[in-house]
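Reader: I have a structure to go through with you. Could we take it topic by topic?

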Amino acid sequence: MKKYFVSLALFSLFFNFLLFLPARTVGAQTIGIKISPVRYEELVEPGVRINRTLSVENQSDTPKKLYAYLRDFRAEGEGGQPKLIAPGTEQGYFLASWIDISGEGIEFAPYEAHEIHFQINVPADAGPGGYYGAILFGTKPPRLKFEGEEKGAGMAVSQQTGSLILLQVKGKVKEEARIREFVTDKGLYSTPFDIEFLTRIENLGNVHVKPIGTISINNMFNKEIGSIRVNDGGANVLPNSIRRFSENWQGDSGFGRYVASIGLSYGTSANLGGQGKQTLYTETIFWIVPWRIIIPIVLTLIILLSLTILFLKLYKNRAVRQAMERAGYGRVRMVKKYQGPSPIIYISVILLVILIVVFMIMSLIYFFLFA
């Protein structure tokens with residue numbers, strides 16, 4: 001039993017990288033075993049029999065004897081990890097018991113490949129929705145017979161890899177998804193920036209969905225300045241689960257308030273038994289403030305303004321003294337010194353001038369460099 005759970009844990013880690021790969025013929029390779037394709041995804045009628053093949057290759061320089069195993073799986077966590085399940089141990093939309101494949105060991109010479117045939121028998125009474133299973137190949141034989149409800153359930157710790165199978169049985173399925181969250185990793189950025197957009201999609205239906213779309217970024221003048229593709233690889237969100245997607249937008253310059261909007265589409269066409277294409281949309285706001293540019297500018301303005309005020313004060317005192325001397329009051333020593341405006345008005349005027357100047361300079365920088 002301990003080895004059984006260790007085996008499931010090891011294989012779950014491997015399939016973390018396989019579940020949401022694009023549905024195309026690519027090689028999944030671990031410990032010298034390569035399987036192609038790593039995922040089958042099909043739309044089927046109830047009661048049909050599907051004959052398919054897997055290409056299995058020994059990519060090591062030592063001979064291997066490989067055995068087939070069957071598993072069901074469901075989503076676990078928001079990172080796309082599948083939870084491997086022994087057939088017949090949980091209730092749900094699973095298909096491992098539908099698969100017929102030889103449980104006999106197959107000898108592989110170094111770098112030899114074989115085409116492995118298998119059949120999926122979809123029950124005539126299978127309800128509409130998504131069904132999920134996996135075919136694994138390992139270097140140790142199953143402990144249980146490869147027949148019955150729990151065929152392939154006993155699995156020893158071994159070198160193993162496999163292919164996922166995702167079927168959608170036609171009919172009146174429930175396709176419903178929503179955006180649970182769309183945010184940036186921070187609200188305020190400096191330059192250069194690296195912004196991570198986090199999107200959490202929840203599947204409320206009974207069939208897997210494949211949300212694909214774009215994130216558009218608009219500046220404070222509502223001008224689109226960037227766009228990012230979301231889920232171009234065709235990742236799936238399994239029923240009753242939440243899937244997290246992460247996309248990055250990088251740049252060297254920017255300034256002001258930005259609005260990022262995400263638009264996604266998903267669903268099966270109505271003529272194929274689905275509910276047609278559906279869309280998801282939401283927005284989020286973030287700011288870019290180039291502190292490395294603004295702080296030196298503000299400090300320079302403060303110094304220049306202080307020097308200007310000091311110069312004007314010295315000039316005023318000198319002018320007053322010269323005027324008094326010309327009027328014949330040069331010998332008068334007890335002359336009340338001009339105090340100027342009240343301190344509150346004085347400080348307010350200075351701050352207002354600073355803000356106006358800073359705004360004008362930053363506006364010029366934005367229009368010349370970023371707009």
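Reader: Is N231 buried or exposed?

Author: In this predicted model, N231 counts as buried, because its relative accessibility is 7%, and the cut-off for that class is under 20%. The residue sits in the loop between β16 (224–230) and β17 (241–251).

Reader: Which peptide bond involving P37 is cis?

Author: The bond that joins S36 and P37 is cis, with omega about -5°. P37 is placed in the loop between β2 (33–36) and β3 (39–44).

Reader: What about the bond from T191 to P192?

Author: That peptide bond is cis, with omega near -10°. P192 belongs to the loop between β13 (188–189) and β14 (193–203).

Reader: Let us turn to the sheet with β12, β14 and β17. In what order do the strands run?

Author: The order is β12-β14-β17, in an open sheet of 3 strands with antiparallel pairing. The edge strands are β12 (177–184) and β17, each of which pairs on one side only. On average, neighbouring strands of this sheet are turned by 20° against each other, direction ignored.

Reader: How many bridges join β14 to β17?

Author: There are 11 bridges joining β14 to β17, and these strands run antiparallel. One of the pairings involves L198, whose bridge partner in β17 is S246.

Reader: Now the charged side chains. How many salt bridges does a search of the whole structure find?

Author: The search finds 13 salt bridges. Side chains of opposite charge can pair when their charged atoms come close.

Reader: Which parts does the salt bridge between K210 and E41 tie together?

Author: The side chains of K210 and E41 meet at 3.0 Å, N to O. K210 lies in the loop between β14 and β15 (212–218) and E41 in strand β3, so the pair ties together parts that are 169 residues apart in sequence. K210 is partly exposed, with a relative accessible area of 27%, and E41 counts as partly exposed at 27% relative accessibility.

Reader: Where does R52 find its partner E42?

Author: R52 is in strand β4 (residues 49–58) and E42 in strand β3, 10 residues apart, and the pair links distant parts of the chain. The closest N and O atoms of this salt bridge are 2.7 Å apart. R52 is partly exposed, with a relative accessible area of 29%.

Reader: And K65 with E107: how far apart are the closest N and O atoms?

Author: They are 3.9 Å apart, and the two residues form a salt bridge. K65 lies in strand β5 (residues 64–76) and E107 in strand β8 (residues 106–108), so this pair ties together parts that are 42 residues apart in sequence. K65 is partly exposed, its relative accessible area being 36%.

Reader: Which residues are linked in a network of salt bridges?

Author: E78, E181, R200 and R244 are linked in such a network.

Reader: Finally, the overall picture. How many helices and strands does the protein have?

Author: The protein has 3 helices and 19 strands. Of its 371 residues, 43% are buried. Among contacts with a separation of 6 or more, 73% involve residues 24 or more positions apart. The protein exposes about 20,300 Å², of which carbon and sulfur atoms supply 58%.

Terms used:
Residues numbered from 1 in each chain as written. Predicted model: local features only at pLDDT ≥ 70, side-chain atom pairs only at ≥ 80, totals over all residues. Heavy atoms only, no water. Helix = DSSP H or I, 4+ residues; strand = E, 2+ residues; numbered from the N terminus. Buried < 20%, exposed > 50% of the residue type's maximum accessible area, 1.4 Å probe, protein only. Contact = heavy atoms within 4.5 Å. Areas by Shrake-Rupley, 256 points an atom, 1.4 Å probe, with all protein chains shown as cover. Pairing = 2+ DSSP bridges. Axes fitted to C-alpha atoms, helices over the stretch in contact; angles between N-to-C directions. Salt bridge = Lys/Arg side-chain N within 4 Å of Asp/Glu carboxyl O.
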